[in-house]
Amino acid sequence: MLSNTLRSNRSTRSKRANTRSRSSFARDDRAIEGLPIRLVIALVVGVAALALMLNMLGGIGDVGDTEVTVEIHDNDQIIDPTGTEQVTVSVIDENGNEVQDATVIATAGSAQLEGVVEADTIGDSNEAVLNFSNTQGLRADQDIGTLEIDVIPPSDSNYIDEQPNPEIRVAETS
């Protein structure tokens, strides 16, 4: 009889233990109810802060780079499609300061040009003279065309030429 009593006590205990373990999770009032919302709030705040920091860094641009361009002298903005022409240009930076030791290159745009015309700035000056020796021209159906100008800044500087430069127009001047 004692053994039956022990068996019944063991089975009762194991049933209570199983019931307790199954129901203890459901009745657990130590839940982490606030944790998911806290994680979501932390994630949203972190993403907003990251977006703000990246926006601030994106506005800086390339540190130390200065854009260069050319100014075409007033009397050289339009050249004749036939004959020898000289165009004087001044190389300047975005603040209007002179840029020395630069190379200016003229290439075909909507007008025709045989090859490339190249000129370097002269000495301590920021002026370059492009010589067109009857290499420029217009197509048969054109009245006016353009030649594009690019600047190769000095290699030991922080100058860049990424923006479009003024163009030389090719048209009948007489």
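How do S4 and S9 pair, and over how many bridges? Select both strands: the pairing is antiparallel and runs over six bridges. Strands pair if DSSP finds at least two bridges between them.

**Before you click**

This is a predicted model; local features need pLDDT of at least 70, side-chain atom pairs count only at pLDDT 80 or more, and totals for chains, interfaces and linings use all residues. Residues are numbered from 1 along each chain as its sequence is written, and side-chain values use heavy atoms, with hydrogens and water left out.

**Stop 1: the whole chain**

Colour by secondary structure. Helices (H or I, at least four residues) and strands (E, at least two) are DSSP runs, numbered from the N terminus. Along the sequence the pattern reads α-α-β-β-β-β-β-β-β-β-β-β-β.

Now colour by accessibility. Of the 174 residues, 26% are buried. Buried means under 20% relative accessible area, exposed over 50%, and partly exposed in between (1.4 Å probe, protein chains only). The protein exposes about 12,200 Å², and carbon and sulfur atoms supply 52% of that area. Accessible areas come from the Shrake-Rupley method with a 1.4 Å probe; for residues, only the protein chains shown count as cover.

Among contacts with a separation of 6 or more, 65% join residues 24 or more positions apart.

**Stop 2: the five-stranded sheet**

Select S2, S11, S9, S4 and S6. In that order they form an open sheet with mixed pairing. Strand S2 (78–79) and S6 stand at the edges; each has a single partner strand, so one side of each is left without a neighbour in the sheet.

Alanine 108 stands opposite leucine 147 in S9. Isoleucine 105 stands opposite aspartate 150, also in S9. S9 and S11 pair in the antiparallel sense over four bridges. Leucine 147 stands opposite isoleucine 168 in S11.

Stay on S9 and pick threonine 146. Is this residue buried or exposed? Threonine 146 counts as buried, because its relative accessibility is 15%. Beyond residues up to four places away in sequence, threonine 146 touches Ala108, Gly109, Ser110, Ala111, Glu167, Ile168 and Arg169.

**Stop 3: the four-stranded sheet**

Select S7, S3, S1 and S10. These four strands form an open sheet in that order, again with mixed pairing. S7 and strand S10 (159–160) are at the edges; each has a single partner strand, so one side of each has no neighbour in the sheet.

Focus on S1 and S10. They pair in the parallel sense over two bridges. Glutamate 67 stands opposite isoleucine 160 in S10.

**Stop 4: the core**

In soluble globular proteins, nonpolar side chains tend to be buried together. A nonpolar core is a set of buried Ala, Val, Leu, Ile, Met, Phe, Trp, Tyr and Cys residues joined through side-chain atoms within 4.5 Å.

Which members of the largest core touch the most other members? Of its 24 residues, they are Val87, Val89, Val104, Leu130, Phe132, Leu147 and Ile168. Strand S1 (66–72), strand S3 (84–93), strand S4 (103–108), S6, S7, strand S9 (144–152) and strand S11 (168–171) each supply at least two residues of this core.

Centre on leucine 130. Not counting residues up to four places away in sequence, leucine 130 touches Glu85, Gln86, Val87, Val104, Ala106, Val117, Glu118, Ala119 and Ile168.

**Stop 5: loops**

Move to asparagine 126, in the loop between strand S6 (117–120) and strand S7 (127–133). Asparagine 126 counts as buried because its relative accessibility is 7%. Leaving out residues up to four places away in sequence, asparagine 126 touches Val89, Ser90, Val91, Ile92, Glu98, Val99 and Thr121.

Next is aspartate 101, in the loop between S3 and S4. Its phi is near 60 degrees, a positive value in a residue other than glycine. Aspartate 101 counts as exposed, at 56% relative accessibility.

Then pick asparagine 134, in the loop between S7 and strand S8 (136–137). Asparagine 134 is not a glycine, yet has a positive phi of about 55 degrees. With a relative accessible area of 46%, asparagine 134 is partly exposed.

**Stop 6: helix H2**

Finish on valine 40, in helix H2 (residues 34–58). Valine 40 is partly exposed, at 47% relative accessible area. Ile37, Val40, Ile41, Val44 and Val45 make a nonpolar surface patch of about 460 Å². Patches are made of residues with over 30% relative accessible area and no salt bridge: like charges are joined within 9 Å, nonpolar side chains (Val, Leu, Ile, Met, Phe, Trp, Tyr) within 5 Å. A salt bridge is a side-chain nitrogen of Lys or Arg within 4 Å of a carboxyl oxygen of Asp or Glu.

Methods: Contact = heavy atoms within 4.5 Å.
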